[in-house]
Amino acid sequence: MRWHVLTFALIVGAICIAPSAVAGAANARPAGFGQVAQVKLQVPEGAVAGPDFNVDRATRAYLDLLTPEQRRRSDAYFEGGYWIRLWTLLYGLAIAAVLLFGRVAARLRDRTRWTRFPALNAGFFGVGYAIFVAVLTLPWTIYTGFIREHHYGLATQTFSAWFRDWGVGLAVSAVLSLIALWVLYAVFRRVGQSWWLWGSVVGLMLLAVVMAVAPVYIAPLFNNYQPLPQGHIRSRILSLARANGIPAENVYWFDASRQTNRISANVSGLGPTTRISLNDNLLTRQSEEGIEAVMAHEMGHYVLHHAFRLIIDFGLLLVIGFACVAWAFRRLVARFGGRWGVSGVADPAGWPLIVALFAVFFFLMTPMVNTTIRTAEQEADYFGLNAAQQPDGFAMAAISLAEYRKLEPGPVERFIFYDHPSGYDRVHAAMQWKAEHLANYGVTSEGQAVSPEAGSSP
Ligand SMILES: [Zn+2]
């Protein structure tokens with residue numbers, strides 16, 4: 001009975017300590033940070049606007065900015081990720097087998113009956129389950145999340161800093177598991193055979209709540225979020241935001257450089273918490289044109305309500321998933337329930353089976369999930385090109401992303417594994433846009449260069 005008190009104290013302690021530790025790490029900024037870009041945009045020779053501008057040649061000029069060695073590393077990193085998906089699934093299934101056949105889940109259920117409320121006890125079971133799985137998968141998590149990231153030169157953290165983030169992540173997942181299982185089992189106990197339908201409704205509601213609170217309560221546990229630093233870049237980004245109907249107070253930057261040197265930006269939150277965040281790597285490693293292009297892409301997600309649309313899409317997928325899981329759950333528990341000590345769907349000891357079946361379902365649905373997200377990403381790309389009108393900045397950012405995403409996949413590979421357009425597709429789309437807006441660069445539609453005064457930008 002004692003250990004659960006200790007666990008809760010650890011979780012609460014970790015949550016309280018984490019934000020102050022994070023805040024302490026964020027102070028080392030170069031002077032003038034975020035005011036002017038530290039990098040100048042350099043358009044490669046084959047992509048310079050002119051009467052004989054050619055989309056394919058311009059695309060190739062950008063791709064050729066990377067050396068064969070850089071391409072090889074990028075391909076190896078990304079392709080290794082395909083296998084990591086498979087091994088992660090198998091590792092997870094092995095753990096579920098241990099929990100069920102070893103009757104660990106049944107024993108954990110018996111030892112977490114701390115109150116006379118069965119659904120709340122299921123929540124306590126969820127905390128124990130989250131900790132158990134996190135500890136058993138720790139070696140694999142260290143390899144994929146720390147060793148491999150350092151091997152490819154993408155990570156910036158020491159092991160102790162990484163491990164603290166891991167602990168905070170575990171604390172968050174323990175708290176979320178407590179709430180999720182409490183609510184889910186309260187429902188499962190009441191609804192009988194239709195549990196899969198109610199499960200999807202509750203699952204979707206929980207997902208929406210987590211999305212809404214994440215930027216306010218979860219993301220700040222790992223990084224420091226602040227309004228954009230005063231300066232030239234801030235005014236350009238906020239001007240772009242105003243032009244697209246986005247309030248300035250919904251644009252933030254955060255110190256991702258404490259974990260990684262990847263450039264990135266994102267849209268997070270739901271409803272009133274919706275916001276756009278760009279990371280400090282983007283501010284320090286891209287030109288003004290590149291920063292504008294990336295931010296315009298994120299504004300596309302915001303303006304096109306992609307978060308809301310993805311909830312609807314994933315809601316449908318969740319209903320199908322729950323239906324498949326319920327079908328398999330019934331058969332497996334009828335066959336092995338006695339050996340596992342699992343009596344039915346209202347029994348929290350069956351939770352590892354539900355998780356394992358969902359893992360298999362989403363593994364098989366990988367191309368569906370990725371294509372759904374990739375389609376939205378492509379829409380945001382087009383929105384961003386039109387809004388920022390910075391095809392070269394966007395192409396250069398796409399090349400930077402090649403550090404962790406293979407540039408030129410085959411069509412099947414792209415369909416299965418890509419949740420964003422490939423670097424090739426993005427550069428090509430940007431160069432296509434440029435080819436059709438050569439007048440912006442002082443080139444007339446007849447292919448004649450006109451005097452610089454007539455052009456709106458260099
Ligand atoms: Zn995006």
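This is a predicted model: local features need pLDDT of at least 70, side-chain atom pairs count only at pLDDT 80 or more; totals for chains, interfaces and linings use all residues.
The chain is built from 17 helices and 4 strands, and buried residues make up 48% of its 458 residues.

**Overall fold**

- Among the contacts in the protein with a separation of 6 or more, 78% are accounted for by residues 24 or more positions apart.

**Zinc site**

- The zinc ion has H297 (NE2), H301 (NE2) and E377 (OE) as its protein donors, which lie 1.9 to 2.1 Å from the ion.
- Along the chain these donors follow the spacing H-x3-H-x75-E, and the pair of H297, in helix α11 (residues 288-303), and E377, in helix α14 (residues 366-388), links distant parts of the chain that are 80 residues apart.
- H297 is buried because its relative accessible area is 5%, under the 20% cut-off, and E377, at 9% relative accessibility, likewise counts as buried.

**Packing of helices α15 and α17**

- Helix α15 (residues 391-400) packs against helix α17 (residues 423-435) at an angle of about 170 degrees, with the two axes 9 Å apart.
- Because angles over 145 degrees count as roughly antiparallel, α15 is described as roughly antiparallel to α17.
- On the α15 side the contact is made by P391, D392, F394, A395, A398 and I399, while α17 contributes G423, R426, V427, A430, M431, W433 and K434.
- The residues of this contact between α15 and α17 divide into 9 nonpolar, 1 polar and 3 charged.

Key: Residues are numbered from 1 along each chain as its sequence is written. Side-chain values use heavy atoms; hydrogens and water are left out. Donors are N, O and S atoms within 2.8 Å of the metal (3.2 Å for Na, K and Ca); water is not among the atoms, so sites may look incomplete. Helices (H or I, at least four residues) and strands (E, at least two) are DSSP runs, numbered from the N terminus. Buried means under 20% relative accessible area, exposed over 50%, partly exposed in between (1.4 Å probe, protein chains only). Contact means heavy atoms within 4.5 Å. Axes are lines fitted to C-alpha atoms, for helices over the stretch in contact, and angles run from 0 to 180 degrees between N-to-C directions. Angles under 35 degrees count as roughly parallel, over 145 as roughly antiparallel, 65 to 115 as roughly perpendicular and the rest as oblique. Ala, Val, Leu, Ile, Met, Phe, Trp, Tyr, Cys and Pro count as nonpolar, Asp, Glu, Lys and Arg as charged, and the others, Gly among them, as polar.
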